[in-house]
Amino acid sequence: MIDTGTENIKASNRAKVQAFGGFLTNMVLPNIGAFIAWGILTALFIPTGWFPNEDLAAIVGPAITYLLPLLLAHTGGRMVGGQRGAVMGTIGAIGLIVGSEIPMFLGAMVIGPLGGWLIKKVDKVIVDKIPAGFEMVVNNFSIGILGFLLMLFSFFVIGPIIELANSFVTVAIEALVSTGFLPLLSLINEPAKVLFLNNVIDQGIYYPLGLQETLEVGKSIYFTVASNPGPGLGLLLAFTFFGKKVARRTAPGAIIIHFFGGIHELYFPYVLMKPITILGMIAGGMSGVLTFQIFGAGLVAGPSPGSIFAYLALTPRGNFIGIIAGVLVGTVVSFLVTAAILKADKSIDDEEDEFEASVEKSKRMKTEGKNLYASGTTTVAQPVKKIAFACDAGLGSSALGATTFKKRLKKVDLDEIEVKNYRIEDVPEESDIIVVHKNLLERTRMKHPNTRIVTIENYIEDSNLQDLLNELKEG
């Protein structure tokens, strides 16, 4: 589907949630390396680690208490208020940290953006009122006084509120674990993931809980609840053996990128193409979590990306059998359920016809789009110089799509066209075309209403990408 950006569509609740989730995710993703470093440190040197070392293990506590929350607050503040926002967010976060008894991840994700927003608003009010020669004094004291007040506010107000909310969520999740119903979370996780809310769930909810538990016991099952690569592998294997035409042809390639590269977005189109296969994903997710529970297995940090390599690298000593078993069981169960669905579905051939029809429809829409541009815009009339592949975080599926499309352009001597990957909110304004998954269209339109948007369903092979390539070749 080629979107002209000329229609005025009211943003759906899903697009708003995706945008909010993307904001939270982009506070976490730039700091994932620090989380992994902390996880490796924990796996190696705590008393139950591979090489227990009392001196080095002393770093574990301060790192999770101070380093990681401050990084989150700094990033969140910078996203909203630039460098001054980053300083404000960090100042506010130290009030939270000192005033609470738990690692303040959730609090940092609140106070960081709040600090950035405050300094941004204040700067806007005073920018034209500063006497010449007093800019540095005003700027330094404004952030100093505001930061001081925010530090006190976070210490006395926000910290206790976050602590109370965290306790409530922790108690609720722990109650679920104690009753043995933790696998039921897959009923929420799997449908939400294919709607591109995977990062919201995983990094917004399970990561903070997992880090707290890891600090106490050296590992956490929460890191595995929504990141198990097994169910996605099982689904793609089922499409490889029992899918038809395009799905069957593309699934093997998707397996490699999903399972080894950790880009789970690769299997989402297969579920969306045949929604009933979500049952296979739910069954695979539930059985995987149940297996982790039975073995008492967990990881020491969030596996991001969720590839099998990340899983094994973050598995603590004594947990390899449980982790590998959980991945395998999730794979087998998802494969069996999805395969049964695909074999029992008598409308497969009809759907193939529908697929071919959708390709034709896409081509017609492309032609209509061209006509619209020719009559009302200048986008197509000008040579395309910059194409932006966008996704939720700008690091996974969009990077894959950009790399693949860049190679295709090079083969037809169009390598002068710049192709890069971004998170949706960071796509440069000068981009000529934005390529995005169709489920992220509304969110993309909210941020870039005047830019041409090409929607796709598959980052490896999609008819709209082929149409775009043909269009560029025609000049």
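Among the elements of the chain, helix α13, which covers residues 320–344, has the highest mean pLDDT, at 93, whereas helix α14, covering residues 348–376, has the lowest, at 47. These values matter to the reading of everything that follows, since this is a predicted model. Averaged over the chain, the pLDDT is 80, and 85% of the residues score at least 70. Over residues 1–9 the pLDDT is below 50, and this stretch has 24 contacts in the model beyond near neighbours in sequence. The pLDDT is also below 50 over residues 365–381, a stretch for which the model shows 19 contacts beyond near neighbours in sequence.

Turning to the packing of the helices, two packed helices are described by the angle between their axes and the distance between the axes. For helix α2 (residues 32–45) and helix α4 (residues 60–98), the axes come within 10 Å and cross at roughly 175°. An angle over 145 degrees counts as roughly antiparallel, and α2 is therefore roughly antiparallel to α4. On the side of α2 the contact is made by Ala 34, Phe 35, Trp 38, Leu 41 and Thr 42, and these meet Val 60, Ala 63, Ile 64, Leu 68, Leu 71 and Leu 72 of α4. Sorted by class, the residues of this contact between α2 and α4 comprise 10 nonpolar, 1 polar and no charged.

Helix α3, made up of residues 54–57, includes Ala 57. Leaving aside neighbours within four places in sequence, Ala 57 is in contact with Phe 45 and Ile 46. Ala 57 and Ala 43, which are 14 residues apart in sequence, lie 9.7 Å apart in space, taken from C-alpha to C-alpha.

Because Arg 84 lies in helix α4 and Asp 123 in helix α5 (residues 105–126), the pair ties together parts that are 39 residues apart in sequence.

The crossing in which α8 passes α9 is left-handed. Residues of α8 that make the contact include Leu 233, Leu 236, Leu 237 and Phe 241, while those of α9 include Ala 251, Ile 255, His 258 and Phe 259. By class, the contact of α8 with α9 has 12 nonpolar, 3 polar and 1 charged residues.

Helix α8 also meets α13, and here the axes come within 7 Å and cross at roughly 35°, in a crossing that is right-handed. Among the residues of α8 that take part are Pro 229, Gly 230, Gly 234, Ala 238 and Phe 242, which belong to a contact whose α13 members include Val 327, Gly 330, Phe 335, Leu 342 and Lys 343. The residues of the contact of α8 with α13 divide into 13 nonpolar, 6 polar and 1 charged.

Conventions
Residues are numbered from 1 along each chain as its sequence is written. This is a predicted model: local features need pLDDT of at least 70, side-chain atom pairs count only at pLDDT 80 or more; totals for chains, interfaces and linings use all residues. Side-chain values use heavy atoms; hydrogens and water are left out. pLDDT is the predictor's confidence in each residue, from 0 to 100. Helices (H or I, at least four residues) and strands (E, at least two) are DSSP runs, numbered from the N terminus. Contact means heavy atoms within 4.5 Å. Axes are lines fitted to C-alpha atoms, for helices over the stretch in contact, and angles run from 0 to 180 degrees between N-to-C directions. Angles under 35 degrees count as roughly parallel, over 145 as roughly antiparallel, 65 to 115 as roughly perpendicular and the rest as oblique. Ala, Val, Leu, Ile, Met, Phe, Trp, Tyr, Cys and Pro count as nonpolar, Asp, Glu, Lys and Arg as charged, and the others, Gly among them, as polar. A crossing is left-handed if the near helix is turned anticlockwise from the far one by less than a right angle, and right-handed if clockwise.
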